[in-house]
Amino acid sequence: MTTVERGADLELATPDVAERLSEYSEKLRGALAGAVPDGEPASWLYDLVREYPTRPAKFIRPALCLAACEAFGGSSTDSLGPAVAIELLHNAFLVHDDIADGSLLRRGDETLHARHGIGLAVNAGDALAVLANRVLRQSLDRYRATLADRVAREFEAMLLRTVEGQAIELGWRRDAVLDLTPEDYLDLIMRKTCWYTTIHPLRVGALVGSGGAADVSEMIRFGFYLGAAFQIRDDLLNLVGDEDVYGKEILGDLHEGKRTLMLIHLLGSAEGADRAVLVDYLRVERDERSDDLVAEVRSMMDRYGSIDFAADYATGIADAAFDAFEEAFAGTRQGDAYAFIRALIPYMLERTF
Amino acid sequence: MANIRALGDIQRRGIEAANIVVGRLIAQIDRGGPLFGAEPPVAPTDGDHPGRPPVGSDLMNQYMTLMSSFFGSLFGLPAAQGNPPNGVDWSSAHGVRADPVTLSPSPPGRCAEGELWLHNRSGSPVADVRLHCGDLRRHDGAAVSATALRFDPAHVEELPDLTSRGIRVSVDIPDDTPPGRYRGTLLAANLPDLWLPIELEVVAEPS
């Protein structure tokens, strides 16, 4: 496999991504804590709302927003409000996704609905979205009207893309859709994951940092490549990761029947009896997928080379991300933030959680 | 794609598929598709006024509607119209800050309401916070007395570090108050560095 190690051509020292993420997260955690009211009802709402945001997390999304802001001439604090809003929305999505997927572990602990029941968890997810809206509105008050309007449009587009992607993924599962290609998968994750994980934070950060002057059109391509590498790695970790480090249940995606790149590759490769098993596995409900059946599908992925395929596929996309990065950040100052965002490309492929 | 030839077949397929998917999206946007349309970047202009998009902005309303319908939640807080110098300051890691407060435009005889949020990032708890405000005055000196203002809660016993507290602000507008914008300054006992403008718009009684 060709690895992605470009960077020797970059004069800046390659930053320690984990260290830089930690610096950003320190700033973000304080703002996140301040965004959650401390009133009542605490035990039925606000304590739940605080759970996911206070668990160990990478904060890649808001960190991208802060770093892009810096790269385009602003200070990270200029975009702290939108960055916090993005992270709160991400947590809202996680709460609801965990319910839809029947997941049991999130960030190394029980999912919210597993601990508190579906009703309270749904409501806490709603509250996270409401608080995200509040934080965003407060931050828009600080910007000139035209910039505020533009940032609001970016959030509107991001929300629509995300719910479109979620609908497609759930629809594939409900309707037992099998004739899928890797391109279908990329289109799905562009909507469901990449837009709010990478494209949106980068665009908003660049707009705020430049006072609205930046042309952020090239950020779509870079953000998509970066986000695709992130998501494929995430799906791989669900199959091969260490549960204690990864923080989610290993093989959870297989239990859910999630259409990952590995599964789509397997669907296109498996033959004879293997394919029959696979088709049956995808047509039954989650609770009908026994541990033995999941283990059999997982074993097929090794035999048919689906794991290696996905890893290679992601490596190719990450390699293209370097060129897209140069386009998207052309003309910006090549400082720490610039180097950090560039270093995220190989990081996406190497991360263990 | 300078080094695409150095990549393996699967990696090249990944690049090509990703290029197709993102190219399709970009083309859709270039055609003025349903994303944002092909909008030009927003250039800074001297004519821009600070603050949020104009109240009633179609876009902002659409955004609020989208959020509301997506999450089945309400966004009932009145939006601030200005950018008070002491509004919420995300750039400050220390001190206690407050959001702008704008009261709902109301006619004489009614109660105008708004909400104010205090955020404590001072590094230590703050005790015994009491908000107060002088008379609200119109440009010509007409006033709404400070006694018409109420804060709920009137007294915050403790605001722990890294927490926020919402305070409801209400103004009972006297029946004989002439329409106009009345402005004043909010202060908080035990928070010597905190002050922020407050504005009340008294509108004519609907005929």
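**Close-up views of a two-chain predicted model**

**View 1. Chain B, laid out from end to end.** Reading along its sequence, chain B runs α-α-β-β-β-β-β-β-β-β-β-β-β. That makes two helices and eleven strands, where helices (H or I, at least four residues) and strands (E, at least two) are DSSP runs, numbered from the N terminus. This is a predicted model, in which local features need pLDDT of at least 70 and side-chain atom pairs count only at pLDDT 80 or more, while totals for chains, interfaces and linings use all residues. Residues are numbered from 1 along each chain as its sequence is written, and chains are lettered from A and ligands numbered from 1 in the order in which they are written. Of the 207 residues in chain B, 29% are buried. Here, a residue is buried if 20 or more other C-beta atoms lie within 10 Å of its own, exposed if 12 or fewer, and partly exposed in between, with C-beta atoms placed from the backbone. Take the chain B contacts between residues at least 6 apart in sequence: 64% of them join residues at least 24 apart. Two residues are in contact if their C-beta atoms, placed from the backbone, lie within 7 Å.

View 2. Strand β4 (residues 126–133) of chain B holds D128(B). D128(B) is not a glycine, yet its phi is positive, about 55 degrees. D128(B) counts as exposed because it has 12 C-beta neighbours inside 10 Å. Further along, the peptide bond from D152(B) to P153(B) is cis, with omega near 5 degrees. P153(B) sits in the loop between β7 (149–152) and β8 (156–159) of chain B. Most residues other than glycine have a negative phi, and most peptide bonds are trans.

View 3. Chain A has 16 helices and two strands, and 57% of its 353 residues are buried. Among its contacts between residues at least 6 apart in sequence, 79% join residues at least 24 apart. The average pLDDT (the predictor's confidence in each residue, from 0 to 100) is 90 for chain A, and 95% of the residues score at least 70. Where pLDDT is low, the predicted coordinates should not be read in detail.

**View 4. Helices α2 and α6 of chain A, packed together.** Helix α2 (residues 42–54) of chain A meets α6(A) at an angle of about 60 degrees, and their axes are 9 Å apart. The axes are lines fitted to C-alpha atoms, for helices over the stretch in contact, and angles run from 0 to 180 degrees between N-to-C directions. On the α2(A) side, the contact is made by W44(A), L45(A), L48(A) and V49(A), and α6(A) brings L120(A), A121(A), N123(A), A124(A), A127(A) and L128(A). By class, that gives nine nonpolar residues, one polar and no charged ones; Ala, Val, Leu, Ile, Met, Phe, Trp, Tyr, Cys and Pro count as nonpolar, Asp, Glu, Lys and Arg as charged, and the others, Gly among them, as polar. Most of α6(A) is covered, with 18 of its 23 residues buried.

**View 5. The loop at A270(A).** A270(A) lies in the loop between α12 (261–269) and α13 (272–283) of chain A. Is A270(A) buried or exposed? A270(A) is buried, because 20 other C-beta atoms lie within 10 Å. Leaving out residues up to four places away in sequence, A270(A) touches R275(A), L278(A), M300(A) and Y304(A). A270(A) and M300(A) are 30 residues apart in sequence, with their C-alpha atoms 8.0 Å apart.

**View 6. E243(A) in helix α10.** E243(A) is part of helix α10 (residues 243–246) of chain A. With 15 C-beta neighbours inside 10 Å, E243(A) counts as partly exposed. Beyond four places in sequence, E243(A) touches E249(A) and I250(A).
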